[in-house]
Amino acid sequence: MDHRWGFLIGFLGAVGLLGSGHGGQQPPETAAQRCFCQVSGYLDDCTCDVETIDKFNNYRLFPRLQKLLESDYFRYYKVNLKRPCPFWNDISQCGRRDCAVKLCQSDEVPDGIKSASYKYSEEANNLIEECEQAERLGAVDESLSEETQKAVLQWTKHDDSSDNFCEADDIQSPDAEYVDLLLNPERYTGYKGPDAWMIWNVIYEENCFKPQTIKRPLNPLASGHELRALSKVVPFFERQDFQLFTGNKVQDAENKMLLLEILHEIKSFPLHFDENSFFAGDKKEANKLKEDFRLHFRNISRIMDCVGCLKCRLWGKLQTQGLGTALKILFSEKLIANMPESGPSYEFHLTRQEIVSLFNAFGRISTSVKELENFRNLLQNIH
């Protein structure tokens with residue numbers, strides 16, 4: 001269920017078709033040239049080329065990113081794999097061993113991760129709890145009618161979700177459990193057939209964002225956009241109170257230092273995607289397109305609960321949430337700029353679930369780019 005390879009192979013095939021003309025005697029091609037069609041040049045929606053992305057990812061990002069993702073903070077992800085499919089009832093569960101997910105036992109997950117979805121300094125954390133309690137006590141005027149109180153709470157719920165691009169699991173649900181991503185790596189599981197086809201068909205035919213009036217390309221899931229989102233969210237992670245909290249102070253400090261090194265490396269990349277090109281033009285039309293896009297993407301996140309392969313469902317949910325988090329960041333520039341230097345940030349915040357999914361989703365894209373280089377090296381001397 002890994003769509004990146006399908007997209008990548010399709011892209012490579014298209015390049016091959018465009019370059020298949022014959023203009024006289026051609027030197028013999030190597031296997032690497034035949035397979036990779038000498039992919040090069042500029043990428044759509046990004047002012048960078050393939051070669052620049054390859055070098056930047058493979059030699060400056062990939063090694064450090066893999067080390068970060070192997071740490072306790074990023075390897076444990078809480079997910080509800082029992083949520084029912086909201087679109088149809090008849091789901092055929094994959095019975096193959098490769099489709100199964102090994103869940104964590106309670107004592108396998110660090111206490112610091114189980115205690116909360118996020119953690120600041122002790123002082124800031126106490127302040128959050130006080131403010132949340134005050135908010136709960138004064139959120140709704142009890143003199144209002146019961147119907148009006150419900151409406152106010154519903155408005156609050158809507159406001160909380162208005163900038164979220166995916167429907168995330170309720171991690172407080174008794175059905176939500178921790179998974180060790182290192183013990184459940186994304187890989188080919190053999191999940192295929194009518195059920196898998198139906199899911200992809202619903203995504204591509206019914207939920208793919210294809211506004212008829214837009215002539216420019218809209219591909220917010222490209223790697224250049226991940227890079228941009230991560231470069232913009234640096235101030236959130238630089239704040240003194242922010243911790244990658246697991247309960248191991250030494251490891252937590254080292255991980256934060258490594259995280260900031262990666263983010264500053266990403267920020268130094270000179271050819272970022274320009275998100276101002278997203279939904280440009282008439283403001284009213286642009287806002288409508290943004291909302292339509294958000295709703296389409298949220299719907300795709302709900303479709304992940306219909307996947308019959310549990311491992312595919314796990315990685316589908318994680319990567320959808322990661323991409324949704326990247327989009328949330330891209331459209332929160334002013335909120336990020338106005339964050340306080342210390343203490344809790346109320347206008348812009350990322351939960352631990354969002355942080356883990358964001359970097360693991362980026363890690364999968366980074367790995368895909370790295371694997372291309374490995375394939376080139378293997379085929380280099382084959383004729």
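If we number the bonded cysteines of the protein chain in sequence order, the pairing reads 1-4, 2-3. Please bear in mind that this is a predicted model. A search of the whole structure gives two disulfides.

The link of Cys-85 and Cys-306 is right-handed, with 75° about the S-S bond. Both Cys-85 and Cys-306 are buried.

The other disulfide joins Cys-94 to Cys-99, with S to S 2.1 Å. The link of Cys-94 and Cys-99 is right-handed as well, with 65° about the S-S bond. Cys-99 has a relative accessible area of 2% and is buried. Two further cysteines may be mentioned here: Cys-166 is buried at 12% relative accessible area, and Cys-312 counts as buried at 9%.

I turn now to helix packing. Helix H13 packs against helix H15 (residues 352-379) at an angle of about 100°, and the axes are 7 Å apart. Are H13 and H15 roughly parallel or roughly perpendicular? Angles of 65 to 115 degrees count as roughly perpendicular, and H13 and H15 are therefore roughly perpendicular to each other. The residues that meet include Trp-315, Leu-318 and Ile-329 in H13, and Leu-358, Ala-361 and Arg-364 in H15. By class, this contact of H13 with H15 has six nonpolar, seven polar and three charged residues.

Finally, the aromatic rings. The count comes to 10 aromatic pairs. In one of them, the ring centres of Phe-56 and Phe-269 are 4.6 Å apart with the planes at 50°, so the pair is tilted. Phe-56 belongs to helix H3 (residues 50-69) and Phe-269 to the loop between helix H11 (249-267) and H12, so this pair ties together parts that are 213 residues apart in sequence. Phe-56 is buried, at 5% relative accessible area, and Phe-269 is buried, at 3%.

Phe-87 and Trp-88 also form a tilted pair, 6.3 Å centre to centre with 40° between the planes. Here Phe-87 is partly exposed at 35% relative accessible area, whereas Trp-88 is buried at 18%. Ring pairs also link Tyr-73, Phe-74, Phe-236, Phe-237, Phe-242, Phe-348 and Phe-359 into a cluster.

How values were computed. Residues are numbered from 1 along each chain as its sequence is written. This is a predicted model: local features need pLDDT of at least 70, side-chain atom pairs count only at pLDDT 80 or more; totals for chains, interfaces and linings use all residues. Side-chain values use heavy atoms; hydrogens and water are left out. A disulfide is a pair of cysteine sulfur atoms within 2.5 Å. Buried means under 20% relative accessible area, exposed over 50%, partly exposed in between (1.4 Å probe, protein chains only). Axes are lines fitted to C-alpha atoms, for helices over the stretch in contact, and angles run from 0 to 180 degrees between N-to-C directions. Helices (H or I, at least four residues) and strands (E, at least two) are DSSP runs, numbered from the N terminus. Angles under 35 degrees count as roughly parallel, over 145 as roughly antiparallel, 65 to 115 as roughly perpendicular and the rest as oblique. Contact means heavy atoms within 4.5 Å. Ala, Val, Leu, Ile, Met, Phe, Trp, Tyr, Cys and Pro count as nonpolar, Asp, Glu, Lys and Arg as charged, and the others, Gly among them, as polar. Rings of Phe, Tyr and Trp (its six-membered ring) pair if their centres lie within 6.5 Å; planes under 30 degrees apart count as stacked, over 60 as edge-to-face and the rest as tilted.
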